[in-house]
Amino acid sequence: MGQSADGEGRCHVIEGLGIKMRLFLVAVAASFPLMVLLVFGAAQRVSEDYDVAQRMALNHAGNVGALIDDYLENLITVMNVVGHSVSFDATDINKNERLFFRVKRDLPAYVNNIKLNAPDGAPLGSSSGFEIDVGDRDYLVNAVDAKSIGFGEPKISRSTGEWTLTVGMALLDSMGDVRGVLSISTRLKELNSLVALSGVPRSALVTVLDQHGHVVTRNHDPEDWISRDLSHLPGVIRAIQRVSGITDGPSADGIQRLGAYSPMRAAPWVVYVGIPNNVAFADANSEVWRGAIAFLASILIGTVAALFFSRMISRPLRDLAQDARNFGLNDLKQRSRVRQGGEIGELATAFNQMAERLSDREQRNAMVEQASPVVIWDRNVQTGEEVWSAGITLIFGYQMEEVGKAATWYRELIHPADLPAYEQSLEAFLSGPLRRREFFYRLRRADQTYAHVEDTVVVARDDRGNPSRLVATVRDISDRVTAEAQLRQAQKLEAVGQLTGGVAHDFNNLLQVVSSSLDILDSPDLPEEERTEMIQQALEAVSHGSDLTRQLLAFSRQQPLQPSVVELDTFVAKLLPLLKRTLGERIEITFSAMPNEHTFINVDRAQLDSAVMNLALNARDAMPNGGHLAFSVKFKQIEEDEESSIDGSLYAMEGLEHGAYCVLEVSDDGEGMSEETQARIFEPFFTTKGLGKGSGLGLPMVFGFMAQSNGKITVYSEPGRGSTFRLYFKAHEAPAVATADDNLEIPVPTANGVRLLVVEDNDMVRSTVKRQFESLGYAVVEVGNGAEALDVLKNDQDFSLIFSDVVMPGKVDGVALADSVQQNYPHIKILLTSGFPNSERPNHSYSLLSKPYRRRELAKAVHDTIKG
């Protein structure tokens, strides 16, 4: 009975509660799950903020390290460049100091002091002028031991009173031994300024530690912390082992921080970035408080609303919820049907305003897509599904129903020749660190024509760094590609016009000399002495024309070369007496070469002679009042990763294979050249000399000769300070037997009735050659082409030699004729001739005499071929 009474009493209590209290109890009971979720969400937010703070600290540490790495690498680059210009002679300290002073003046952000010391610390020059022995300094000892870069500990500069850091670089000789140590002291405040540029919050602590755990620099109170030993701290012990990681605990100053260590690549240092805990978790703590307040307010508001407006708001809220669901199903014309005042009415109005804005935005986006000159595509990397904008129809002609949803549809539109490179580049892009990249390829339009496109792709990645989404714009750049091609063609035509005009001018002058000489020779009463003079004048004009042709061919890299092994320093030394006579007494000529170094190269001797002479004459013209012309021969090893502007030249050195090179350097202290002039000196017929004082083919000939010899010519010049040309020749092994000089004067070989078969399609040339041979005592049979020559040989094989042009009409050219003769009549010798530069084809080994040639050259070539 008691239990029943108690149960009935509880029921009566519940039943006795009014509707307001019941709704209140329901609201409170319903709020408990929300409270649990809020607590769980707050804990999860704290955990997320912890992870975010960790990543932020690690990213900031990496960013700071990257900036300091870039700074140190620039510093090392400066030392690399300066190291090529220093002198290790103790008598050249003043020269080094002048160089160091200029470097310090031009690079104040990097150089506080720069100096050179011998390996034992003896001074060889300093930008400050203070010459001290630094043999016990850690940076010098480290650099000498490593034969590389050595970092010192921070020191206070005696001249400025500022904290500085010294970096040393060991300069090695060709044997790999240390010749000296070049060091640069830089202000530590420059490193601190990099911290400000890295985006690290002001509240964060940034500390750079060396390999021993000593403070290199610190953004907070650096004066009190630089050089302090922190190696006893647990986090520092692991950090100096160059292991990236997270640390959570008190820093050296006792403040609780969440921090990260990141090792650097340019120095054996690590960067620590610590974020105070009260800053790292400030948002999470605020969110907890906001959530708690919101939770209590929601209970109160919900209870009041449930008690007083339950019936009033339930129906319009259901209607409004249904309207929202319809709008969410992409029914953009859906508007709320609720017509009520108060908060519900405002909610309905806000919903309608939101729907209007979203509809306007959707319409505006559609119009932007239609008006934009690009196609936008969006790809889900995981599923391969793609979404395309309307530009695919407007620009490339594909209807939206034709557009495939998978990425394979788009790949089928890429030109087959471009697809492999595109897929390889896209795969490398997705697996790399970049977020944005441009791709260029050809894309098939709906009308089956191809467009040149620029595809700009941006990638989104998940937390693990894997690509999750691609968004890109595809732009049709066919008109731009066409315009660029037309511009290149116009530039080529302009160059051809300039070249043709220059050649026509020079050849017309030469032809005028020949024409005038022949007119005078036509006079029957011309004295013999004047006749001889006119003949010699015409021959000299022809010789000049031949030289002009060779210069043009050398510029175009088509001059037939006859390379042989030459020792460069000996070759230049033998030219010096001739150069001194040619340049005159006002030009002082000096020559230097590396002792005990062989400088053998494989080049055409005549072309090398001409190149050296051209450079010497140009130098003389640049020193009208006299001056100093210096020749030097050096041995240089070009590494695979050598920088393109290693010698400071306006002309880059890319394309030059790595390996050993012999370098001929020609320097003058003349007028020098501006960058505009340097950019054009290798153009044919470009000259800064007065009218009639230069053909503009000297330097282009040298340029072509070097290119054809697989070498490189560079130039460095400053107005008023002179010019330096450097010729890079691939080093060659020493010859087993030295070659004899074949430029000796020999008599004209003659013959007595030796029979020759002359094959030449040009009647005038054939007639002239016949006369030359007959004047030498040969018996000549002449034909006009290769087929006729084979017909003659069927009935008559009594010939000692066949002299044939290479390029002739018909199926049988000179090489084909020579092949047939060698196979069927092996006793007959072959000598070919041609005026075309590319006639010396690699698929035959016959002797070739280039046109034009003199009677002596013809006689020697025929004599050598028959005797050989």
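Let me begin with a term: a residue counts as partly exposed when its relative accessible area falls between the buried limit, under 20%, and the exposed limit, over 50%. Keep that in mind. One more point before we start: this is a predicted model.

First, two loop residues. Most residues other than glycine have a negative phi. Where is Lys-147 found? Look in the loop between helix H4, residues 138–146, and strand S3, residues 149–151. Now use our term. The relative accessible area of Lys-147 is 42%, so Lys-147 is partly exposed.

Next, Asn-710. Its phi is positive too, about 60°, and it is not a glycine. This residue lies in the loop between helix H19 (698–708) and strand S22 (712–718). Is Asn-710 buried or exposed? Exposed: its relative accessible area is 62%.

On to a sheet. Strands of a sheet pair through backbone hydrogen bonds, either parallel or antiparallel. Here we have five strands in an open sheet, and the pairing is parallel. Read the order with me: S25, S24, S26, S27, S28. Which strands stand at the edges? They are S25 (779–783) and S28 (847–850). Each has a single partner strand, so one side of each has no neighbour in the sheet. From one strand to the next, the twist averages 25°.

Let's zoom in on one pair. Strand S24, residues 755–759, and strand S26, residues 801–805, run parallel and are joined by four bridges. Val-758 has Phe-803 in S26 as its bridge partner. Then there is a helix on the sheet. Helix H21, residues 786–795, packs there and touches S24, S25 and S26. Its direction makes about 150° with that of S24.

Take Val-82 as a close-up. Set aside its neighbours within four places in sequence. Val-82 is then in contact with Leu-99, Phe-100, Val-103, Ile-114 and Leu-182.

How values were computed: Residues are numbered from 1 along each chain as its sequence is written. This is a predicted model: local features need pLDDT of at least 70, side-chain atom pairs count only at pLDDT 80 or more; totals for chains, interfaces and linings use all residues. Side-chain values use heavy atoms; hydrogens and water are left out. Two strands pair if DSSP finds at least two bridges between them. Axes are lines fitted to C-alpha atoms, for helices over the stretch in contact, and angles run from 0 to 180 degrees between N-to-C directions. Contact means heavy atoms within 4.5 Å. Buried means under 20% relative accessible area, exposed over 50%, partly exposed in between (1.4 Å probe, protein chains only).
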